[in-house]
Amino acid sequence: MLKGHQTWIFNSKPTILSSAAVGGPFEGNGALADDFDIIHEDLWVGQDSFEKAEKVLLEHACEKAIEKSGIKNEDINFFISGDLMNQITSSSFTARTLGIPFLGIFGACSSSMEGLALAAQLVDSNAADFVIASACSHNAAAEKQYRYPTEYGGQKPPTAQWTVTGAGAAVVGKEGDGPKVTSATIGRVIDMGISDPYNMGAAMAPAAVDTIEAHFRDMNIDASYYDLIATGDLGKVGHEIAIALLKKHGIEIPPEKFTDCGLLIYKKDQPVFSGGSGCGCSATVTYGHFLNRMRKGELKKILIVATGALLSPISYQQKESIPCIAHAVSIEM
């Protein structure tokens, strides 16, 4: 059901039956290592390219989530996934492996919550019984795609972020004992004219604020409704900008309630510049850390606002600015 201008209410409250998070070696040394189901010690994951390694990460996350759900592959109606590679090949090739009808999406790093929102909509509208939603990224593959290959060794500014090597997946069904997906606010594309691919946090922060404001307006609530509100991957720079913009718009979110997946996933002594990013950032932190906290009873109501920078190598080379988007999903126990 549509509420307000851009928010879906899921009256049946689809359940996240299971979820899984898979990470690489850097994430295995990070602050949330205990929340990963699988940690690979090899950045190559036994493959001969980083792109193939990313596909394997996603396959493992999906297979683990399905295994934990107790549902067979053939019982899942749709597989929704997105990533950062050209033509979302990591997701498409994983769909080839899973053999589940596939809906490929591209919301850049917002793909995790875009996928979860669509999965909940399909289940809530009786268009599906079970849907698996996922997203992934790989540090070395994304560097080669959007910046420079890691072998180049180029120096980065403090505003840069570290793409997470990881994948997250969740199985959504009609009913169960797990966390419920209660609403989703679909974001608008916001472009403030920033063109620096090493300053993604600043580019994405206005989109995050716009979606949070829309969610509160459409739902007629404020930050007090949630135990935690987390953006996807704004990092230190973007998080500070988002706080300032929210205050400018008259929205106060207590610091203990407002966080960012890119600030949580790594330890302070890891050289990640402004923090984590990538499709795998919000996917692994949400489907691992946050949902684990919900299942333990530490959190009852959370809002995940996954952010995405919708640039491409071609748009950057043609000196386009960076259009950004954010999708918010409310999850409740």
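What percentage of the 333 residues in the chain is buried? Buried residues come to 59%. Keep in mind that this is a predicted model, and everything below is read from it.

**The overall build**

Start with the fold. The chain has 10 helices and 15 strands. Its radius of gyration is 18 Å, close to the 20 Å that the globule rule gives for 333 residues, so the chain is as compact as a globular protein of that length. If you want a box to picture, the C-alpha atoms fill one of roughly 50 × 50 × 35 Å along the principal axes.

**Charges and their pairs**

As for charge, the chain carries 27 positive and 38 negative side chains. The centres of the two sets lie 3 Å apart. Side chains of opposite charge can pair when their charged atoms come close. Searching the whole structure turns up 10 salt bridges. Here are three of them, with the N to O distance for each.

| Salt bridge | Distance (N to O) |
|---|---|
| glutamate 59 – lysine 55 | 3.0 Å |
| lysine 64 – glutamate 67 | 3.6 Å |
| glutamate 240 – lysine 236 | 3.0 Å |

Helix H2, which covers residues 50-69, holds both glutamate 59 and lysine 55. They sit four residues apart, about one turn of the helix. Are these two buried or exposed? Glutamate 59 has a relative accessibility of 9%, so it counts as buried. Lysine 55 is buried as well, at 16%, because the cut-off for buried is under 20% relative accessible area.

Lysine 64 and glutamate 67 belong to helix H2 too, with a spacing of three residues, about one turn of the helix. Lysine 64 is partly exposed, with 24% relative accessible area. Glutamate 67, on the other hand, is at 57% and therefore counts as exposed, the cut-off for exposed being over 50%.

For the remaining pair in the table, move along to helix H7 (residues 235-248). Why are glutamate 240 and lysine 236 about one helical turn apart? Because they are four residues apart in that helix. Glutamate 240 is partly exposed at 45% relative accessibility, and lysine 236 is partly exposed at 48%.

Conventions
Residues are numbered from 1 along each chain as its sequence is written. This is a predicted model: local features need pLDDT of at least 70, side-chain atom pairs count only at pLDDT 80 or more; totals for chains, interfaces and linings use all residues. Side-chain values use heavy atoms; hydrogens and water are left out. Helices (H or I, at least four residues) and strands (E, at least two) are DSSP runs, numbered from the N terminus. The radius of gyration is taken over C-alpha atoms; the globule rule is 2.2 Å times the number of residues to the power 0.38. Buried means under 20% relative accessible area, exposed over 50%, partly exposed in between (1.4 Å probe, protein chains only). Lys and Arg count as positive and Asp and Glu as negative; His and the chain ends are not counted. The place of a charge is taken as NZ of Lys, CZ of Arg, CG of Asp or CD of Glu. A salt bridge is a side-chain nitrogen of Lys or Arg within 4 Å of a carboxyl oxygen of Asp or Glu.
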